Every structure is written in C-alpha cells, then in structure tokens.
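Subject: A structure to look through

Dear colleague,

I am handing over a structure that I would like you to read alongside this email. Please keep it open while you go through the notes below.

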Amino acid sequence: MAALDSLFKTVAKQVVADLGSALDTTVTYTRKTLPSYNTSTGALTSTDTSYADISVPIEFIRSEEQDENEKREAKIYVTPDLIGSNQPTLQDEVSFTYAGGTQTAQITDITTYRGGQEYLYILLVRF
C-alpha cells in the first residue's frame with residue numbers, strides 16, 4: 001500500500017504543478033492559528049503563516065446573484081507540500097487575483113484524498 005500512496009502523491013503533485021503553472025495567476029494560502037490569551041497582559045495574539053505565490057489549478061464553478069450581490073465559488077487544488085504539509089482548515093484563507101483585483105476567499109469545504117498519507121486537497125472557496 002505504501003508504494004501506491006507514494007505513486008498517488010507523486011502524480012497529484014505533478015498534475016497540480018503542471019496545471020497551476022499554466023495559469024497566469026498565483027494564490028496566497030494563509031494558515032490561521034488558534035489565538036492564545038496572555039492572562040498577565042490581557043492580549044489575544046495569533047500567528048498566521050502565509051504561503052505566497054503558489055501556482056495551483058483554480059476551477060471557477062459558480063457565479064450567481066445573491067441579495068443584490070454576486071456570490072462566486074471556485075475549487076482550488078492544493079498538495080500538502082505547497083502549504084507546509086498542513087491540513088487545511090475552514091479558518092484558513094486563500095487570496096488570488098480575479099477580475100483585476102485581489103480577492104480573499106473563505107474556505108467552505110475541504111475534500112482530502114489520502115491513503116496512508118494525504119496527497120491532495122480540494123478546497124471549495126467562496127468570494
């Protein structure tokens with residue numbers, strides 16, 4: 001099974017790299033950490049980690065009007081090595097250039113493909 005996992009991981013990494021490099025935009029993935037509270041100072045602090053300028057495939061899947069605003073959804077395909085071998089969470093953010101401006105997207109769903117190890121994440125984002 002380990003050989004199969006290794007093969008899937010290699011293939012997923014290559015496909016994401018090939019399709020991502022074909023796009024003319026990159027994304028910034030921001031890993032949000034849980035804030036910590038310092039009882040002596042009363043300060044709430046968190047340390048976010050950004051993975052900037054990563055090339056990943058983006059599939060725009062829906063754009064519709066909602067309450068006189070436009071709601072857009074997309075799928076972003078990411079391999080663990082691109083985001084520091086972290087498991088994505090719904091608190092994390094993805095930013096990218098769309099329609100001439102930088103959009104910060106909210107992750108609304110995460111699909112994980114894995115065997116003995118994770119090798120691909122599909123993030124459904126709303127912006």
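In which helix is L19 found? L19 belongs to helix 1, which covers residues 2–21. Please bear in mind throughout that this is a predicted model.

The next topic is charge. Side chains of opposite charge can pair when their charged atoms come close. In this model the count comes to 9 salt bridges, and I describe some of them here.

One of them joins D81 to K13, with 3.7 Å between the closest N and O atoms. This pair links distant parts of the chain, since D81 sits in the loop between strand 6 and strand 7 while K13 sits in helix 1, 68 residues apart. Both partners are partly exposed, D81 with a relative accessible area of 38% and K13 with 45%.

Another salt bridge brings together the side chains of R31 and D92, at 3.2 Å from N to O. R31 lies in strand 1 (residues 27–31) and D92 in the loop between strand 6 and strand 7, so this pair ties together parts of the chain that are 61 residues apart in sequence. Are R31 and D92 buried or exposed? Both R31 and D92 are buried, which means that each has under 20% relative accessible area.

A further salt bridge is formed by K32 and E93, whose closest N and O atoms are 3.9 Å apart. It also links distant parts of the chain, with K32 in the loop between strand 1 and strand 2 (36–38) and E93 in strand 7, 61 residues apart. K32 is partly exposed at 28% relative accessible area, and E93 is partly exposed at 29%. Through salt bridges that share partners, K32, D48 and E93 are joined into one network.

Finally, please look at the backbone of two residues. D53, in strand 4 (residues 49–54), has a positive phi of about 55° although it is not a glycine. S85, in the loop between strand 6 (69–78) and strand 7 (93–98), has a positive phi of about 60° and is not a glycine either. D53 counts as exposed because its relative accessibility is 60%, and S85 counts as exposed at 60% relative accessibility.

Terms used. Residues numbered from 1 in each chain as written. Predicted model: local features only at pLDDT ≥ 70, side-chain atom pairs only at ≥ 80, totals over all residues. Heavy atoms only, no water. Helix = DSSP H or I, 4+ residues; strand = E, 2+ residues; numbered from the N terminus. Buried < 20%, exposed > 50% of the residue type's maximum accessible area, 1.4 Å probe, protein only. Salt bridge = Lys/Arg side-chain N within 4 Å of Asp/Glu carboxyl O.
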